[in-house]
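Colleague: I have not seen this structure before. Could you take me through a few of its details?
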Amino acid sequence: MTQFKSEFLATLNERGFIHQISDPEGLDKAFASGVVTGYIGYDPTAASLHVGHLMQIMMLHWMQRTGHRPIALMGGGTGMIGDPSFKDEARKLLTVEGIAANIEGIKRKFANFLDFDRPGNPAIMANNADWLLGLSYVEFLRDVGRHFSVNRMLSFDSVKQRLDREQSLSFLEFNYMILQAYDFVELHQRYGCVLQMGGSDQWGNIINGLDLGHRMLGAQFFALTSPLLTTASGQKMGKTANGAVWLNEDALSVYEFWQYWRNTEDADVERFLKLFTTLPLDEIARVVGGVATDINEAKKVLATEATALVHGRAAAEEAAAAAVALFEAGQLDLSLPTIQIGWSALRGGLGILAAAVTANLASSNGEARRHIQAGALKVNDETVTDDKLALGEEHVLSEGVIKLSIGKKRHVLLKPV
C-alpha cells in the first residue's frame, strides 16, 4: 500500500477510496503543506442523488474533515446537455425549471456531510450555470475550444465505445467534455481549486480539465478518481430490483434505506464500513473481526451508521428499532413505508394483485401473481394463496392499516383514508 504523508490521502488510501491520481507525490505534498481546494461535479438528472454517488460525497466529507476545502459543484449548465459517458443513447434533455427543481432536491442532503459555515475551510456549493449560460459561443470556441484535439477526444473510452457500437453521438453531447473541462478552469479562478475528484469512469473528462488548466493558466492541477464500485457478486452499487437506492427520504423511506445496507453481502461488510461510515478503522476491525463475530450484527452496525450519515442519527435508530420490532419481536411497526388508499377502494373490494402493485411490491399484476404462486406474498403476515383475494375493511388491523409483505424483508402498510 502506498504511504502518504498527508492525512487526507492517507485516510482515503486506508479506507479504499483511491483508484488513480495524476501526480501522487505532488498532490500529497500539496495536502501536507496547506489547505487544498477540490471539487466533484453532480449533474442534476434527478431530484435526489443515490447510493452510487455516496462514495464521492464521502470523499468530499473526508476532505473537509482533514482540514481542506471541498466544493460540491451543481451542474446547472452541463445538466442541460447531460454527460454522454458510457451511455447507449443521448440523455433526455431537461428544462431549466426541471434542472432547478432537481438541484434543490440534491442540495438538501449535502448539509449532512459538509459544513458550509466551518471557520477556516467552509465547504462551497457552486453551480456551473453561473458561468456557462452566459458564455459567448464564438469567444468560447476561440479561447477554449482551440486547446482540444478532436483526435484525442475520439480516443476516450466513453466516446470510443459509443462509436464502436455505431450509436449516434450528437455534437451537443460531444461538447460536454469541453464544458466540464472549463469548469475546472473557472473553479480555479474563482476559488483557487486545484483538484477534481470523481469516479474512475470520469478519468478522461477530469484529465481534459487538468490539461486545459495547464494550457490556459499555466497552473498545476490534479486528478483523483475512486474505483468503480460493485458488490462482491458483481452488481453495480446503488441499484436493486426495485430501482435506485435514493438518498432523499421522499424518494425512498429511511426504513428501506436501512434495509438496503442490512442486506449487504457478507463479503462486502468490512469494505462498506470503511467507505460508507466514519467509524475509526480499529472500531471497524473490532466489529467485523474474531471468529465469534456475528456477521448479521456487523450488518446492523453498517446499516445504522450509513443511514445516520444520510438521514441523521435519530432516523437511523428509529429504522433499526423498526427492524428489531418487525423481525425479532414480531410487532407491527408503524414507521414502515406507508401508502394511503381510499376507503371506497376497500369497500368495493381491492384486488390483491392491484394492492401489491399499489404498494410497489410488484411492478405488474403478473409479477404479483408469481409472488403468490411462490408463497411470498402475505397480508397481515398471512400467506396469500388465492390471486383473486379482495382486500376489504375486515383486513384493516386495529392500528388502522393493512400490512403487505413480500418475503421476510419487504413490507408496506396500506392506510385507508
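Colleague: Are F272 and F276 buried or exposed?

Modeller: In this predicted model, both F272 and F276 are buried.

Colleague: What kind of aromatic pair do F272 and F276 form?

Modeller: Their pair is edge-to-face, with 5.5 Å centre to centre and 70° between the planes. F272 and F276 are 4 residues apart in helix α13, so about one helical turn separates them.

Colleague: And what about W261 and F276, how is that pair arranged?

Modeller: W261 and F276 form a tilted pair, at 5.0 Å centre to centre and with 50° between the planes. W261 belongs to helix α12 (residues 254-262) and F276 to helix α13 (residues 269-276), so this pair ties together parts that are 15 residues apart in sequence. W261 is buried, as is F276.

Colleague: Which residues form the aromatic cluster?

Modeller: One aromatic cluster is formed by F257, Y260, W261, F272 and F276.

Colleague: A change of topic: where is T231 found?

Modeller: T231 sits in the loop between β6 (222-226) and β7 (239-240).

Colleague: Why does T231 count as buried?

Modeller: T231 has a relative accessible area of 12%, and buried means under 20%.

Colleague: Which residues does T231 touch, leaving out those up to four places away in sequence?

Modeller: T231 touches M237, E265, D268 and R271. With E265 there is also a side-chain polar contact of 3.3 Å.

Colleague: Finally, how many helices and strands does the protein have?

Modeller: There are 19 helices and 15 strands. The protein has 417 residues, of which 49% count as buried.

How values were computed. Residues are numbered from 1 along each chain as its sequence is written. This is a predicted model: local features need pLDDT of at least 70, side-chain atom pairs count only at pLDDT 80 or more; totals for chains, interfaces and linings use all residues. Side-chain values use heavy atoms; hydrogens and water are left out. Helices (H or I, at least four residues) and strands (E, at least two) are DSSP runs, numbered from the N terminus. Buried means under 20% relative accessible area, exposed over 50%, partly exposed in between (1.4 Å probe, protein chains only). A polar contact is a pair of N or O atoms within 3.5 Å; within protein, one must be able to donate a hydrogen and the other to accept it, and residues adjacent in sequence count only if both atoms are side-chain atoms. Contact means heavy atoms within 4.5 Å. Rings of Phe, Tyr and Trp (its six-membered ring) pair if their centres lie within 6.5 Å; planes under 30 degrees apart count as stacked, over 60 as edge-to-face and the rest as tilted.
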